[in-house]
Amino acid sequence: MGQDDEVGKGENPEMTSAEKDDYQKLLDQDLATESRLLWSEIGILAFITLLIVVYLILSR
Amino acid sequence: MTDALVILCILFAALGMIPTLSSFAQFLIIGWHGVRNNYSVCRDYTPRVAFILPAWNEADVIGSSIDSLMSLSYPPGAWRIYVVDDASTDHTPAIMREKMAQYPGSVFHLRREVGGEGKAHTLNHGLKTILAGDWAEAVMIMDADVLFEPLTLRRMARHLADPTVGGVTAYVKEGSQPGNLLTRFIAFEYITAQAAARRAQNVMGVLACMAGGAQLHSRKNLVAIGGAIDTSTLAEDTYTTFKTQLVGHRVVFDGNAVVWAEEPDSVTALWKQRLRWARGNLQLTAAFRNLWFRPGGHRLGSVAFGILWFAVALMPAFMIMSSAGVIGLYYLRPPWAWAVFTIVWSATFVAYLFETLFSFAIDPPTGSRTWFEGLVFPGVISLGIMLIAVSGLTLFSGAADWVEVGRWSWRDIPIQLILAWNGISTIAAWAVYRLDRAGAPKWLRNFFLIVVGYGPLMCSITFAAMVAQYRNADMRWDKTMKSGKAKILR
């Protein structure tokens, strides 16, 4: 390994389609994680809201 | 007069809620990162990257760090490792000779004959060499003990495809094996402080800190900030983050790019490390004093970011104000003290529940490893007080009737301890530190840490930093010693 002028110029022109697929898979995986976090948050907020409503009803 | 004092007490109690509310608000916007993130402008971009590893007596960890870096999944020939040896006195040079022979042309040893000036000076030695040549298109600033997952560099580099991005940081996970209670507390803390908070800051378009363990800069950005790291504060990573944003470049946190680090395994070592960080933040607060709360200019000057910043930098002041406010009300208007106490601690409980559950969901593997530490993060006493507030225990709610203004009773003591716990916990956490420093058995330290809480310990350290900064105490670079215990956990 050493200085190599073929890498580092942005998107590698010699990149194979398999490598591009790998990158797309990686991106899809990370986007799925971010999407999961959004739905987790909605679920947890809904759960806590429910707890608060039940608490308020019981404490009346 | 009394009415004015009552209003002042209520104001204090309200101001004391700022850290809780700002943290809660931050957590609320994390989900939005699923929609608003930097991935849409990413490409499979693989610039030539020079890694700088500052090393002072890192013989125990430097070899494994280099091995981990050499197994990255990245185009061959597109990364190099520069170890800047800060005049190590152990066998770091011997290991470097071995690694340079093992990875010829990829690993370089830059030796400083006179060292000990701190990380920023060491980094600058490396930056000077790297920027003098034209090979590097990007520079990764890291710590010598940090282990990169194979795809981390690729994940980070893709953001630099966007020319407006000047720096990218990764999610630093605590990876000590075997771990202990303290390292698991830190692992959970890093979910909240990094994986959670920094996603929220991505959404806000402004980042407080790129972790010093993994900062990827474009060459253009390093040149724009002067080609060197600021050496005037103890928080060189945060300073660099601010400078990057102030020269007009964006900084991005990629929570899916993960690196692993070994963190302190004793309260004393943690105290030393965090005191440096907290003092650095205070120095930075002063250095950028013309920036804060200036909306309309840079996002670092927005009100929202200012609140986030000061909620952390001045946390002990808020805790003391909270306690003073409620205690003041207890003497001035006892029933109101109960009402304010209930509101403050019930809100704290809701924030705790949401943030803890969401933190487990953000990083499930770490969450499953640290579920106990996550639950007792605020301390068992704080949890008990939250339950008292939420359940409205009659024993306590009737306490207002006990009070006769101007007359003291023994029954006041437990009530006041509970009311003022926000402030008292800071002192109690300091006592845990002193206990650890005095060489108390680990089980005893752990017991008190669980009872008092890890959160109050952080608050206590911030208070100590404020005192040290006020006294203009000696600004030593107390390096955290690493023993090579970190592993990449899957």
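Me: Looking at S7(B), which residue stands opposite B:Gly167 there?
Reply: B:His217 is the one opposite B:Gly167. This is a predicted model, where local features need pLDDT of at least 70, side-chain atom pairs count only at pLDDT 80 or more, and totals for chains, interfaces and linings use all residues. Residues are numbered from 1 along each chain as its sequence is written, chains are lettered from A and ligands numbered from 1 in the order in which they are written, and side-chain values use heavy atoms, with hydrogens and water left out.

Me: In which sense do S6(B) and S7(B) pair?
Reply: Antiparallel, over three bridges, with strand S7 covering residues 214-218 of chain B. Strands here are DSSP runs (E, at least two residues), helices are H or I runs of at least four, and both are numbered from the N terminus. Two strands pair if DSSP finds at least two bridges between them. B:Thr169 has B:Gln215 as its bridge partner in S7(B).

Me: And how many bridges join S6(B) to S8(B)?
Reply: Nine, and those two strands run parallel. S8(B) spans residues 250-261. B:Val168, for instance, has B:Val252 as its bridge partner there.

Me: How many residues of S6(B) are buried?
Reply: Ten of its ten residues, 165-174. Buried means under 20% relative accessible area, exposed over 50%, and partly exposed in between (1.4 Å probe, protein chains only).

Me: Switching to charges. How many salt bridges over all chains?
Reply: The structure holds 19. A salt bridge is a side-chain nitrogen of Lys or Arg within 4 Å of a carboxyl oxygen of Asp or Glu. One of them joins B:Lys99 and B:Asp67, at 2.9 Å from N to O. B:Lys99 is in helix H4 and B:Asp67 in helix H3 (residues 62-70), so the pair ties together parts that are 32 residues apart in sequence.

Me: Is B:Lys99 buried or exposed?
Reply: B:Lys99 counts as buried because its relative accessibility is 6%. B:Asp67 is partly exposed, at 29%.

Me: Which residue does B:Arg111 meet in a salt bridge?
Reply: B:Asp85, at 2.7 Å from N to O. B:Arg111 lies in S3 and B:Asp85 in S2, so this pair ties together parts 26 residues apart in sequence. B:Asp85 is buried at 0% relative accessibility, while B:Arg111 is partly exposed at 29%.

Me: What about B:Glu236, which residue does it bridge to?
Reply: B:Lys119, with the closest N and O atoms 3.5 Å apart. The pair links distant parts of the chain, 117 residues apart, with B:Glu236 in helix H9 (residues 236-246) and B:Lys119 in helix H5 (residues 119-132). Both residues are buried.

Me: OK, on to the A/B interface. How many residues are in contact?
Reply: On the chain B side 45, and on the chain A side 33. Contact means heavy atoms within 4.5 Å. The buried area is about 3,300 Å², and carbon and sulfur atoms give 59% of that. Buried area is the accessible area (1.4 Å probe) that two parts lose on being put together, summed over both.

Me: Which chain B residues lose the most area?
Reply: B:Asp44, B:Arg48 and B:Phe354, together 15% of what that side buries.

Me: How many salt bridges between the two chains?
Reply: Three. B:Arg199 and A:Glu34 meet in a salt bridge at 3.0 Å, N to O. There's also a network of salt bridges linking A:Asp30, B:Arg155, B:Arg158 and B:Asp254.

Me: Last one: what does the side chain of B:Gln273 contact?
Reply: The side chain of B:Glu263, in a polar contact at 3.2 Å. A polar contact is a pair of N or O atoms within 3.5 Å; within protein, one must be able to donate a hydrogen and the other to accept it, and residues adjacent in sequence count only if both atoms are side-chain atoms. B:Gln273 sits in helix H10 (residues 267-287) and is buried, at 4% relative accessible area.
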